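This report describes one protein model, from overall composition to selected local features. Please read it alongside the sequence and the coordinates.

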Amino acid sequence: MGKLPFKVSARAARLIGRENVSNAEGAIIELVKNSYDADANFCLLFIDNKYTEIPDELTKEQYEELCITNDQIHVAYIKEMDKYLLNQSYKNNNDLLDFFIGQNTIFIVDDGSGMDLNNIKNAWMTIGTDNKSLNYISDKGRIKTGAKGIGRFALDRLGSSCEMRTLKENDFSGYKWNVNWEEFESEDTVIGEVYADITEINKEDYFNSLNRNFFNNLDLSDYDDIQLEGLNFEKFRKGTYFKINGLRDIWNEKNIKNVFAGLDSLIPPKEEGDFDIFLFVSNSKKKYGSVQASSCEDFDYKVEIVVDDSQKVKVRINRDELDLDQLDNDLFLLEKFKQFPYDKDTFVKKSFEKIYDLKEIVPKFKDYDLSQLKNFSFIFYYLKRDFAATQEDLFKYKKFNSAKRRDWLTRYGGIKIFRDNFRVRPYGDPKSASFDWLKLSERVQKSPAGIGNKDGAWRIRPNQISGSIFISREHGVFEDKSSREGIQETELFEIFQEIIIEMIILFEKDRQKIMRAIKGIHDEKTEREQIKNEGKKIAQKAVKKKQRVVNKKESTEQQSVRLDKLEQENLILAKTVLTYDEVVEEKELQLKLIKALAGTGIALTSLSHEIKTISSPLVTRNQHLKSMLSNYESLDQVQLNNACVFIDLMIEKDKVLKGWLDVALNIVSKDKRRRKKLNIYEVIDKIIDTWRPSLTEKNISIELNKIDGTIIEWSALVIDIESIINNLIINSFIAFQSKEHNGDRVIKIDLKATKITDEEREYLELTFTDSGPGLSPLIKDKNEIFEPFFSTRTEDGTGLGLWIVKTTVQEYNGIVEVLDSIEGFTLHFRFPLKKGEGVRTVHV
C-alpha cells in the first residue's frame, strides 16, 4: 500500500523544547551560549521590567496606551485628577498580572558572526539540527556548546513572541525574523504548518533598530567603571540581537539576582576577556553591569591537576595555610619531615608537583578500561571558614577575614563542571540538590575525625571547597542528558566521580599528615611541661609545709588530727583515680566491642559472595533429597549411592557454613573482653581452627610455626588478637581468589619473643605472610593500606580492616609495617612485653 510519513504536531515539538529549557534562568543561559558559539566578544542582556506587579496607579499616557490592548484596564482603574488608581478588588487578579508582566521586554545583543539566509533556513529553522554537532569548532577555534538543535525554544520559554535581527560582517544587508510561539498551540497543526516571518533589511536599518530599541534605552549614568569595564559599543558592527516580548515570568529583584548568579558562574575566571557578559535592568535597586567571576586569592590550599593524553596526572599542591615564622622548627626534625614534599625547603616554596599514572590514583579500577578518561583538568581551593582561637595557637594558622571568605564561598562554593569553558548545570549549584554531587557530606559523616586526631581520616566539607573541572566535547566522553540538566550517569561517569574524590584525598592526606605532626609535637611538649609544672608545685608545697612545721610547734594531738585528715584526703583521691580508671576501661571495652562488631560486618561484607553460594541451596536441597528418597523401597544400589553422595556433600557444605558462622559470632563472646595473660600459640590455634573448614574448601592452607616445648605469654584481650588475625585472613582469602593470582594458596604465621640488644625490654614479634599476588604495583606508599576507607576493591571492600588492625596494634604501643617481598604479602608486628611475659618452657 506504500509508505506513510510520520507527523509531529507543532504542540509536541514545543513541549519537547520546553522540557529541555525548564526555567527562565536556564533559557537565558542557553541564549548566551549561542552568542559564544557565534564567536561573539560581548553578550549584552537588557531586562526592561517596567512592571514587577500590578501597579497601583497609571499616568494618563500609560492608561491610554494600555487600554488599546486590554479592555480590562477600563474597569480596573478609576480616574482621579490627572492619574488613574487601581480598583483594589483587582489587586490579586491573575489575568491582569499576566497582562502587565507581558508588557516587559528582554533584549539579548551580541557582536558575533551573525547569520545569512542559508544559516537561518537550514540551521536556525531546523529543530534538532546536527549542525553544531558536526561543525563543532567555530571560526575562532571555540568548541561550540550547543549540540541538540533545540536551544531556540529558550526564546519560547521567555516570551510569547520574538523578533530577531542579524547581520554578518561586511554584508550590506541582514535579516529580520519574527515568530509568534502561541501559533504552535493551534489545534491539529503540524510543525511544518507553523511559519516565521522573515524580511531582508539593509545595514542602516539594523543599526537604527539596535540603537532605538537597545542602546538609547540604556541609562549607564549610575554604573561605575568596574561594572562597565571592557565594554566597547564600537564592536557591534555585526551580530545578532533578540527582542523578546510578552514575557512569561515576573522579573523582580529575586529572579534577576538568580540570573546574575547563574551568569556569574557560567564561565570560569580564566576565560574573562575572551567573552564578556553584561546585564542591565531598567527597574532594579541594584546596578549589575559586567558579569565577572572572581578568582580566589585568599586560600589555605590550591590544588591544580591536569590529566594529559597519556593519562599522566600532574598534581601541583599550593600550601598557604600556616604562618611559617610561628611554626615549631622541631617539626622538621621528624624523620618524615626531612623528606620531600614535607621538608622545610618545600614548605618555604609553598608549592610542589608530583606526577602519577591515572590508575595509581584509583588502584581499585586497575582492571577497568579507563582509556577514555584523559585530557581533563581539575582545580580546587580549600578555605577554612573560621576557626577557634585555640586552634590558631596550636596550628599557627595565618590570619584571614572570615566574613569575606564566607561571602566568597557562598557565591563560588561547590565543585562545578565546565565543558569547553561553559558550566554544565546543575553540578555545584547551591540552589540544587546536585550542589554536593560528589557526596562530600556523606564522607564527613562516615569519617568525622578532626584534623589533629591520631585515628580516622579527616574529610573536607562541601562548604569549604570551590572547584572547577574542565572537560571538552572534543573528546566525546560524556553526553548531556536529554533535559540538558547534567551529564548522562553512565558507569564511566561514576568512575570519573571516584577519580575526582581520590584527587581530593591527595590534598586531604597532605593536610592531615602536617596537622597531625604539629599536634603530636605540641601535645608531647605540653604534657612534659604540665608534668614539670605539677612537680614544681608539689615540691614548693612540700617545702612550705616543712617550713611551717619548723616554724610552728604543734602538739601531738594537732599532728595526729592533721595526719588523719591527710590520710582521708589521700584515700578520697585514690578512690577518685580508681573510679576514673574504671570508667576509662569500660569505655575502652565498649570501643573494642564496636571494633569487633565492625570486624563481623567486614567479614560478612567481604565474604558475602561465598556465604551466598553456600546458603542459596539451603531450602531446595531438602526438597531435592526428599525427591531422591521418595520411593525408598524401590531404589537400586546406584540410586542409594547417589543419595549418600548428596548427603555427604550437604555435610561438607554445613561444615563450611558453620565455619563462617563461628568466625562471625564467636567474636563478641564476653570472656574475650577481659585482659589476662594468654598463651598466644593457643589463642591463634583456636582462631585457625575456626577458619579451617572455610579455608580448606578454597584449597587454602594455614600454619602457625611454633617452637616445641615453649609457649609465649602475653597480657592481652582475646578480642584484640582475633580482630588482628581475622582481618588478615579475610584479606588473604580474597587476594587468593583475585584474577592476578593462580599459584599456591598458603598462609604462614610466625611468632617469637626477642630482646633488643641495647634495650632491657623483650618484644613479641609476629610475622604474617601469604603467597597471594601481593600489593598492587599502583600503590606507591605502602602505609596507605592502613588508612581508613582505603581499598583496591570496587564493590565489597570497606577499607576498614587494616585500619582496625593498625589502631588495635597502637593500643598496645606496638608497630606494624609492610615488608618488601618478591612474592606474596608480608606484615611484621612488634609488641613490647612487660615483666613476667614472654617465652616460657613447658614440659610435654
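## Basis of the description

This is a predicted model, in which local features need pLDDT of at least 70 and side-chain atom pairs count only at pLDDT 80 or more, while totals for chains, interfaces and linings use all residues. Residues are numbered from 1 along each chain as its sequence is written, and side-chain values use heavy atoms, with hydrogens and water left out.

## Overall composition

The protein contains 23 helices and 26 strands. Both are DSSP runs numbered from the N terminus: helices are H or I with at least four residues, strands E with at least two. Of its 844 residues, 45% are buried (under 20% relative accessible area; exposed is over 50% and partly exposed in between, with a 1.4 Å probe and protein chains only).

Contact means heavy atoms within 4.5 Å. Among contacts between residues at least 6 apart in sequence, 75% join residues at least 24 apart.

Strands pair if DSSP finds at least two bridges between them. Strand β6 (residues 159-167) is antiparallel to strand β7 (residues 173-180), with 6 bridges between the two; Thr166 has Tyr175 of β7 as its bridge partner. The two strands form a hairpin with 5 residues between them, and Asn170 in the turn has a positive phi of about 70 degrees. β7 is also joined by 6 bridges to strand β8 (residues 197-202), again in the antiparallel sense. Here Gly174 is the bridge partner of Ile201 in β8.

Asn180 belongs to strand β7. Asn180 counts as partly exposed because its relative accessibility is 33%. Apart from neighbours within four places in sequence, Asn180 contacts Ser160 and Ser161. Ser160 is 20 residues from Asn180 along the chain, and their C-alpha atoms are 6.3 Å apart.

## The five-stranded sheet

An open sheet of 5 strands runs in the order β20-β22-β23-β25-β24, with mixed pairing. Its edge strands, β20 (701-705) and β24 (815-819), each pair on one side only. On average, neighbouring strands in this sheet are turned by 15 degrees against each other, direction ignored. Within the sheet, strand β23 (residues 762-770) pairs with strand β25 (residues 825-832) in the antiparallel sense over 8 bridges, and Thr767 stands opposite His828 in β25.

Helix α22 (residues 718-736) packs on the sheet and touches β20, β22 (746-755), β23 and β25, its direction making about 20 degrees with that of β23. Helix α23 (residues 801-811) lies across β24 and β25, at about 25 degrees to β25. Axes are lines fitted to C-alpha atoms, for helices over the stretch in contact, and angles run from 0 to 180 degrees between N-to-C directions.

## Cavities

A search of the whole structure finds 7 cavities of 30 Å³ or more. A cavity is a set of points, on a 1 Å grid over the protein atoms alone, where a 1.4 Å probe fits but cannot get out; lining residues have an atom within 4 Å of a point. Grid points are joined across faces, edges and corners, and volume is the space filled by probe spheres set on the points.

The largest cavity has a volume of about 110 Å³. Its lining includes Tyr301, Arg319, Asp320, Phe347, Lys350, Ile514 and Met515. The elements giving two or more residues to this lining are α11 (344-349) and α16 (491-551). The lining residues of the largest cavity divide into 6 nonpolar, 1 polar and 4 charged (nonpolar: Ala, Val, Leu, Ile, Met, Phe, Trp, Tyr, Cys and Pro; charged: Asp, Glu, Lys and Arg; polar: the others, Gly among them).

Methods:
1 Å grid on protein atoms, 1.4 Å probe; cavity = no way out; pocket = protein on both sides within 12 Å on 5 of 7 lines; lining within 4 Å.
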